[in-house]
Amino acid sequence: MKYKELLIRCLVFLTDKSVIVTAIVIIALILMHPYFMRVVERMKMSDTHDTMQQIAKAQKNYEMSNGRYTHDFKNLDLQLRDKHGKDFEYDYAETDDFSLVLADTGILGIRNGREYIIYYDYENSSFSCAPHDHYICKNINPVSKSVCKEAEMFWSNINNYCYINEKDRCLAIKMPWKTKGKDIFCGYKDTENVKVLEGASCIATKPSGCQNSIIFKDAICDGKSSFGCVRSKLKGGNCLAHTETACHSVQINKASTCLVNDDYSGNYGCQNVTINKDGLCLAVGSNTLACNKATINEDGICRGYANKSCNEATVWSGGVCEANATDVCQNITVKKGGKCIANVPQTCNGIYEEGSCCHGYYCPEDSPKCKCPKFATKC
């Protein structure tokens, strides 16, 4: 009798509501524990990796028969279903956990929510993952630059890594991330004497707001006020002249451009610039005198498509003033070894020192002519 009573009491205790609730809470806590969640995530990634291997094998078989890979799942000998229970087709398929995309030489897997991406390369059967600091990716090879761009993510040439979003890349290269008011961007606003790295900007909304800054590759000095980027150095980056004199007196170095076009209203926008090797001052549209009074050094170029642009420039040995609109490259001084290219009439007028020349059908009659083959833009 005592045994039966004890058993009944145990059953009552086990079915008590508070015990059931407690058990559910304990199970939920276990399921929500970060370690458990990571195990589950690794399992999902591993399953997708297996699927990608199947796709890669089918692609290799297709390539052996057709001499190329396909961008249509229907061409592959596969029995795969998407999250809707339909066969994979075209170059894109969605599973419960990933979006799969057929790339040129591999299969790209983008985690739903874009936490990370994985990539399987057909050619060398290699597997890679980004971003490198995600726990899923830590022991996997990082993705290449081309894969990063194909996944519409953000590559850093500084760190040689791929980042999920612009903010992560910005903070990784130690640039400030601005979120004040309507401004959401990487870089600075109205801050002088700064170094602006890839993907970042210095936005000048006040006169001289970003003056004396250094703009590195894939970065921008955004001149939205007069003299906003004055005396800045472009080292692979660009200066955008939104208003008059915005990029005045900047130094344009290799792979850099001082740009004035009809998206802006930048008369005199890049005036008094110094254009060094492989630098470019580009004046387009209705912005008169845009690259006026430029100093063009060896292998630098002032390219004028806007009225009266590149006027009063000084062209040193190896430099080029290129006239693509009327009244461009006027009143210039061309030093020994310098050249003006006259692509339209009424251009390239000025002083030509001994050893300099003018090239093109529309050179002034009294100018020395370059000995260039045919109508080459370079000689």
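These legends accompany several close-up views of one predicted model. Residues are numbered from 1 along each chain as its sequence is written, and side-chain values use heavy atoms, leaving out hydrogens and water. Because the model is predicted, local features need pLDDT of at least 70 and side-chain atom pairs count only at pLDDT 80 or more, while totals for chains, interfaces and linings use all residues.

View 1. Helices (H or I, at least four residues) and strands (E, at least two) are DSSP runs, numbered from the N terminus. Of the 379 residues, 45% are buried, meaning under 20% relative accessible area with a 1.4 Å probe and protein chains only. The chain exposes about 20,400 Å², and 52% of that comes from carbon and sulfur atoms; the areas follow the Shrake-Rupley method with a 1.4 Å probe. Among contacts (heavy atoms within 4.5 Å) with a separation of 6 or more, 17% join residues 24 or more positions apart.

**View 2. An open sheet of nine strands with parallel pairing.** Follow the order S11-S13-S15-S17-S19-S21-S23-S25-S27. Strand S11 (195-196) and strand S27 (350-352) are the edge strands, each pairing on one side only. Two strands pair if DSSP finds at least two bridges between them. Strands of a sheet pair through backbone hydrogen bonds, either parallel or antiparallel.

**View 3. Strands S15 and S17 side by side in the sheet.** Strand S15 (residues 233-235) pairs with strand S17 (residues 251-252) in the parallel sense over two bridges. Look for Leu234, which stands opposite Ile252 in S17.

**View 4. Asn292, in the loop between strand S20 (280-283) and strand S21 (295-296).** Asn292 counts as buried because its relative accessibility is 3%. A polar atom of the Asn292 side chain lies 3.4 Å from the backbone nitrogen of Asn311. Leaving aside neighbours within four places in sequence, Asn292 is in contact with Cys270, Gln271, Asn272, Lys308, Cys310, Asn311 and Glu312.

**View 5. The largest cavity, with a volume of about 30 Å³.** A cavity is a set of points on a 1 Å grid over the protein atoms alone where a 1.4 Å probe fits but cannot get out, and lining residues have an atom within 4 Å of a point. Grid points are joined across faces, edges and corners, and the volume is the space filled by probe spheres set on the points. The count comes to one cavity of 30 Å³ or more. Its lining consists of Cys129, Ala130, Pro131, His132, Pro142, Val143, Tyr161 and Cys162. Strand S5 (127-130) and strand S8 (161-163) are the elements that give two or more residues to this lining.

How values were computed: Buried < 20%, exposed > 50% of the residue type's maximum accessible area, 1.4 Å probe, protein only. Polar contact = N/O pair within 3.5 Å; in protein donor to acceptor, adjacent residues only side chain to side chain. 1 Å grid on protein atoms, 1.4 Å probe; cavity = no way out; pocket = protein on both sides within 12 Å on 5 of 7 lines; lining within 4 Å.
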